[in-house]
Protein chains: 2
Amino acid sequence: MESDIGFKVAFDEAHKGADEGGVPIGACLVSADGKVLGQGHNMRMQKGSPTLHAEISCLENAGRLPASLYHGATMYTTLSPCDMCTGACVMYKVKRVVIGENKNFLGGEEYLKQKGIEVVVLHNKDLQALMKKFIKEHPEEWYEDIGEESK
Amino acid sequence: MESDIGFKVAFDEAHKGADEGGVPIGACLVSADGKVLGQGHNMRMQKGSPTLHAEISCLENAGRLPASLYHGATMYTTLSPCDMCTGACVMYKVKRVVIGENKNFLGGEEYLKQKGIEVVVLHNKDLQALMKKFIKEHPEEWYEDIGEESK
């Protein structure tokens, strides 16, 4: 699944975010027939945005879509989704969520499963290292991004 | 609670959305000490946005805030929040969610309560009528907004 186009796009989006000095998380929404519907990365630092997490950024960039397109789609995200992004996947009833890693942050994976959404975790070492480095170098921005007070 | 500044702002935001021909849902985030931190309304039709529901729009307009400010805050929304907006309130750990009405749509109220967030429903007749009218006149846009196929 690491060879999927969706994963590659999400992976590149995370690195684009890192290159911009932002929170390095990327996402990509792929239709049932393999077409990239949208892609994006976390824009907290670039746009001063508290809501443009990678998955929200990706959904926003995909634009308005018919409900049926979401229902067969897969959301690829480089990091386990927070409650907001989990909720967005539940609301739009995507079929599957493929997660690059959940070592640095464990989000709403159980809730996705409860709602009948397939969850795949890839445990990607590159993404684990990318996120670990960001959290070490920018703890304040990281904890702000998940609504927690800096530790 | 209908006399709260937060409710008034959210109510006016919903009507602003209606005047613009959009999905008439408004929201307002108020700090523990009663200060309006942000406000907004659904921008699906105005901006072609699939993620700017009222609550997300409100959080986005509030900008980046320290986690501690959310923790004591109240999110006022004119309609019961969908899974995405519920998740946003859970992620940012707001203290309370005040809901104008839940007759036209029942969202994640139980999930909010499970997460320890206080939920108040006002059953406001004006908001019930406003939403009912929109759903009757724009069923396709409404169902698209909640990720469901038009009935």
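A salt bridge here is a side-chain nitrogen of Lys or Arg within 4 Å of a carboxyl oxygen of Asp or Glu. This is a predicted model, in which local features need pLDDT of at least 70 and side-chain atom pairs count only at pLDDT 80 or more, while totals for chains, interfaces and linings use all residues. Residues are numbered from 1 along each chain as its sequence is written, chains are lettered from A in the order in which they are written, and side-chain values use heavy atoms, with hydrogens and water left out.

**View 1. Salt bridges between chain B and chain A.** By that rule, the interface of chain B and chain A holds 2 salt bridges. In one of them, the side chains of Arg64(B) and Glu144(A) come together at 2.7 Å, N to O.

**View 2. The area that chain B and chain A bury.** Together the two chains bury about 2,900 Å², with 57% of it on carbon and sulfur atoms; buried area is the accessible area (1.4 Å probe) lost on being put together, summed over both parts. Within chain B, the most area is lost to chain A by Arg64(B), Asp83(B) and Met91(B), together 23% of what that side buries.

**View 3. Residues in contact.** Chain B and chain A each bring 35 residues to the contact, meaning heavy atoms within 4.5 Å.

**View 4. The largest pocket.** Here is a space of about 160 Å³, its volume being that filled by probe spheres set on grid points joined across faces, edges and corners. A pocket is an open set of points on a 1 Å grid over the protein atoms alone where a 1.4 Å probe fits, with protein on both sides within 12 Å along at least five of seven lines; lining residues have an atom within 4 Å of a point. Among the 15 lining residues, Asp83(A), Phe105(A), Leu106(A), Gly107(A) and Gly108(A) are the closest to the pocket's centre.
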